[in-house]
Amino acid sequence: MEQFKLVVIYLVYWPSVLVLALTLFRCKPRNYIGQIIFSTIMLAQVSILIQSFGFIYLLSIVQPICMFLCLCLFFRLRMIQALLMVVIGFGFNIVIESPMTLMLSKFNYDAFVQMSKSVSVLPAILLCLINCCLAYLLSKLRIGFSFISANRFHRQARYPVKFYWMILAGFLLIGFTSFSIMFLEKIIMLSIFITLFTIGSILHFSYMRETAD
């Protein structure tokens, strides 16, 4: 039963993350149906395998790496573009999931920590709904960034050096947030706040890059 629950959660969760990430960068998800399905199966298998061996603290470390590989190999994105998409898409989910979990735990910190350390059905479903609703709004309002292209012959966008460092820092912070939840309970909120600040800064630089064209 537990295994079935994980399968359902991840088969719903991963498409919502991929669709949100694609929509944010104005890549039409309907053009990547095959890639989304294949990536979802691969990412779900990896996630379930990690939990089956009891290494749940590795989820926020291995999952972004696997998503990055899927975007590079299946969606044919350049490395920096795939990394940017992972940091914003996956980082957004971490930032949203934490306050949502805090509310579901009725602002009891101990209960919040325990819920954060496990994969629960209700937070996962709510997170999927938020991803899908946000992707729908971005699509309808035509909000997003257009400097990412799956065409490798397309001229690669140029970024300032600090933008590269910001993306790398965001990628590392995603893994550190998971580590703090498992082993450094006293600084969970601090790590989430730093992640939020970093994601916000990346979005700001992305907006500046978009308006510079």
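Trainee: Is Gln 63 buried or exposed?
Mentor: Gln 63 is buried, with a relative accessible area of 6%, where buried means under 20%, exposed over 50% and partly exposed in between, using a 1.4 Å probe and protein chains only. This is a predicted model, in which local features need pLDDT of at least 70, side-chain atom pairs count only at pLDDT 80 or more, and totals for chains, interfaces and linings use all residues. Residues are numbered from 1 along each chain as its sequence is written, and side-chain values use heavy atoms, with hydrogens and water left out.

Trainee: What does Gln 63 touch?
Mentor: Leaving aside residues up to four places away in sequence, Gln 63 touches Tyr 10, Trp 14, Leu 43, Ser 47, Leu 58 and Phe 90, contact meaning heavy atoms within 4.5 Å.

Trainee: And which helix is Gln 63 in?
Mentor: Gln 63 lies in helix H3; helices are DSSP runs of H or I with at least four residues, numbered from the N terminus.

Trainee: How do H2 and H3 pack?
Mentor: Helix H2 (residues 33–52) and helix H3 (residues 59–73) pack at an angle of about 160°, with axes 10 Å apart, the axes being lines fitted to C-alpha atoms over the stretch in contact and angles running from 0 to 180 degrees between N-to-C directions. H2 is therefore roughly antiparallel to H3, a label for angles over 145 degrees.

Trainee: New topic: which residues touch the most other members of the largest nonpolar core?
Mentor: Of its 51 residues, these are Tyr 10, Tyr 13, Trp 14, Met 67, Leu 71 and Phe 90; such a core is a set of buried Ala, Val, Leu, Ile, Met, Phe, Trp, Tyr and Cys residues joined through side-chain atoms within 4.5 Å. The largest share of this core, eleven residues, comes from H4.

Technical notes
Helix = DSSP H or I, 4+ residues; strand = E, 2+ residues; numbered from the N terminus. Parallel < 35°, antiparallel > 145°, perpendicular 65-115°, else oblique.
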